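I opened the notebook to keep a record of what I looked up in this structure, entry by entry.

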Amino acid sequence: MPRSSLSPIPSNLPDAAERRALQLLVVDDDATQRSLITVAAKQAGHEVTVAPSVAEAIEKLRAARFDCVTLDLVLEDGDGIDVLREMAAAKFAGSVIVISGMDGKRRSAARSFARSVGIELQSLPKPLDLAALRISLANLGKAAMGLPVIHTWGGVATDAIVERHRT
């Protein structure tokens, strides 16, 4: 596709100073994954708290409010579903991004469970695509500010392209 046919990102989007930083809880027992997610989120301007276990995640969820939780499904001391149950009991109003090496069937089951208890859930497979994570976090930040979500990739607005493929 010739470069001239691509739509540029609209200039009326808020710059970095106007974006709302998300309060993010990263739940993963793998130190490398926690670090990757943390660095990507902090570079995007978000505040990050980490929890390497189910117990610590539940403790942090009870102590603070988070806009978003990234959640591994398999943790050393339990299952990510245990964290989702606690979030449901606490009437968690944020978003969840499951980041797991589990197969699509298990991630889909987690998504179904989350929906059944009123939690919005997205799913990303491991190994983690950091660009996909950044886009998910940017869209959540825009939604938190009441702005329209425009998926972008490489400086090109793709919402019209996606819409054309849906029709």
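Basis. I am working with a predicted model, in which local features need pLDDT of at least 70 and side-chain atom pairs count only at pLDDT 80 or more, while totals for chains, interfaces and linings use all residues. Residues are numbered from 1 along each chain as its sequence is written, and side-chain values use heavy atoms, with hydrogens and water left out.

Strand β6. I took helices (H or I, at least four residues) and strands (E, at least two) as DSSP runs, numbered from the N terminus. I found that 6 of the 6 residues of β6 are buried, so the strand is largely enclosed by the rest of the structure; buried means under 20% relative accessible area, exposed over 50% and partly exposed in between, with a 1.4 Å probe and protein chains only. Ser95, Ile97 and Ile99 point one way from β6, whereas Val96, Val98 and Ser100 point the other way.

Neighbours of β6. I counted strands as paired if DSSP finds at least two bridges between them. β3 and β6 run parallel and are joined by 4 bridges, and Leu71 stands opposite Val98 in β6. β6 is also parallel to β7 (residues 120-125), with 6 bridges between them, and Ile97 has Gln122 in β7 as its bridge partner.

Cores. I looked for nonpolar cores, that is, sets of buried Ala, Val, Leu, Ile, Met, Phe, Trp, Tyr and Cys residues joined through side-chain atoms within 4.5 Å. The largest has 24 residues, and Val27, Leu61, Val69, Leu84, Met87 and Val96 have the most contacts inside it. α3 gives the most to this core, with 5 residues. A second, separate core of 15 residues includes Ala40, Val48, Leu137 and Leu140.

Met87. Leaving aside neighbours within four places in sequence, I noted that Met87 is in contact (heavy atoms within 4.5 Å) with Leu61, Val69, Phe92, Val96 and Ile119.

Arg85. The charged end of Arg85 sits over the ring of Phe113, 5.5 Å from its centre; for this, NZ of Lys or CZ of Arg must be within 6 Å of the ring centre and within 35 degrees of the ring normal.

Ala44. I placed Ala44 in the loop between α1 (31-43) and β2 (47-51), and Ala44 is partly exposed, with a relative accessible area of 38%. Ala44 and Leu137 are 93 residues apart in sequence, yet 8.3 Å apart in space, C-alpha to C-alpha.
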